[in-house]
Amino acid sequence: MNGSAAPPRAQLTALPAWQALAEHYGRVGKLHLRQIFAEDPQRGERLVAEAGGLYLDYSKNRVTDETLRLLLQLAKECGLAESIAAMFGGQKINASEQRPALHIALNARQDEHFLVDGIDVVPEVHAVLQHMAVFSEDIRSGRWLGYTGKAIRNIVNIGIGGSDLGPVMAYEALRYYSRRDMNFRFLSNIDGTDFVEVTRDLDPEETLFIIVSKTFATLETLTNACTARDWSLRKLKDKSAIQKHFVAVSTNAEGVAEFGIDTANMFGFWDWVGGRYSMDSAVGLSTMIAIGARNFRDMLSGFHAMDEHFRSTPFERNLPVLMGLLAIWNNNFLGAGTVAVLPYEHYLKRFPAYLQQLAMESNGKHVTLDGDRVAVPTGPVYWGEPGTNGQHSFYQLIHQGTQIVPCDFIGFCQPLNPVGRHHALLLANLFAQAEALAFGKTADQVRAEGKPAWLVPHLVCDGNRPTNTILAPCLTPQTLGQLVALYEHSVFTQGIIWNIDSFDQWGVELGKLLAQRIIPELESVEEPELKHDSSTNALIWRYRRLRKEES
């Protein structure tokens, strides 16, 4: 898996299992789920898998037993088992950046060992967790006071990408377990409106900012951090107050100190943790303050349980492997370019957005690990909204649109907030939607209802739309950890099949570099000499002219 040492892999479409799948699709691609279920009445009880309380029903995918056998053979031919071992072994599977992708070590127990360049990183992981636990308890208990002696009531996490999406998703998902006498806000956008709205009703004397930037040089994060510092000092006056109202999650001690933060209040993480895989590291400091160290460790135990399931469970019963292989089938054989994630739990309203980065930044790649152009589509678009809101929005397209949209339904059997019949109605909708997408409604069924002939075509739903249903007992910190790790490893599985690097993101860098060139052209007092394309030049000139008119 080391990019400079691993031998080139055969082109995906040349693998025997892939060719067998292509031939197999020609025979079964038009099968309807109505027929598949009719011929196998027990299918809904067979095509299920379970791990640590997560129950996956994948029976409503357009696959046969032979499809699954061939997909599992494909995983074997692609070396998935060896790749899993390489990841857990600390090998440099992030080939283009020549580093491990060892986020699994963040969830390791103290008696476990994960090596990076021969060094066991687990003791350092637990040292950071202990540092976080002490600090978060100081904040929660009121022992940590602001510069003027007031307790901290407001926590503002400043980050972007994984340094924002992870913390804000986790906070919203676990809000039931959070401190309700504290405010938790998340600032990411460089748009000044985001800063103004986040801080509008906050008192600097009671506000703590957590600056999350591995390099302490990310443009958006540092711009917002400097604005937050200025905002704080307008009331606190003394620059030494920064040390009571700002902490950092970073590896750049020099930059943190220069900003004015005491490096004793810097929480570290490591190059072998990618941003979108970091919510269970110090990046989750705001989460720990919100829910407490015990709940945070319960979340880590959920991650760990799914990590171990992925690592040791045979593929035919392995939830992340099954979901990843089904995603390959849906994307590359059924031609489905998107995946809708539909949590029937309001607390998971930010989960689809979190998965957008996890999946699309990981697998939105056009070359293989060997540098060759990929031969098949990669990286489907992930999107979604909580049920039942989405039913009154985009489900129309999912049911009757011309595109196939595979769906992941997520539900919980026990509500955190029991209110009358609400939860039964919520889950009834989840089960009904999955059933309707699978089996649809035929013209004969519509006519049997006595509908006029002219209306029949409008009421027909073709069905045959693939879905997964994930059920868990209750949304707990542990369950959230399991869910996130489930999708992490499903994304990894897909990346291995496509033979791409799921852990770099070079496409993100290009826009950043061009922005650095354009910034002085927008801010210059003198008229700059522009050397972009005619469109970009014209847009810059228009911006400068309108700003001048405003002033």
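## Nonpolar cores

A nonpolar core is a set of buried Ala, Val, Leu, Ile, Met, Phe, Trp, Tyr and Cys residues joined through side-chain atoms within 4.5 Å. Buried means under 20% relative accessible area, with a 1.4 Å probe and protein chains only. This is a predicted model: local features need pLDDT of at least 70, side-chain atom pairs count only at pLDDT 80 or more, and totals for chains, interfaces and linings use all residues. Residues are numbered from 1 along each chain as its sequence is written, and side-chain values use heavy atoms, without hydrogens or water.

The largest nonpolar core holds 122 residues. Trp272, Phe351, Leu480 and Tyr487 touch the most other members. Helix H20, residues 477-498, gives the most to this core, with 11 residues. A second, separate core has 21 residues, including Phe195, Leu222, Leu233 and Met266.

Beyond four places in sequence, Trp272 is in contact (heavy atoms within 4.5 Å) with residues including Pro100, His103, Leu106, Val116 and Val125.

## Fold and dimensions

The protein has 22 helices (DSSP H or I, at least four residues) and 13 strands (E, at least two). Its C-alpha atoms fill a box of roughly 75 × 60 × 60 Å along the principal axes. Buried residues make up 53% of the 551 residues. Among contacts with a separation of 6 or more, 74% join residues 24 or more positions apart.

## Cysteines

The disulfide count is zero, by a rule that needs a pair of cysteine sulfur atoms within 2.5 Å. The sulfur of Cys461 is 13 Å from the closest cysteine sulfur, in Cys407, too far for a bond. Cys78 is buried, at 7% relative accessibility.

Methods:
Buried means under 20% relative accessible area, exposed over 50%, partly exposed in between (1.4 Å probe, protein chains only).
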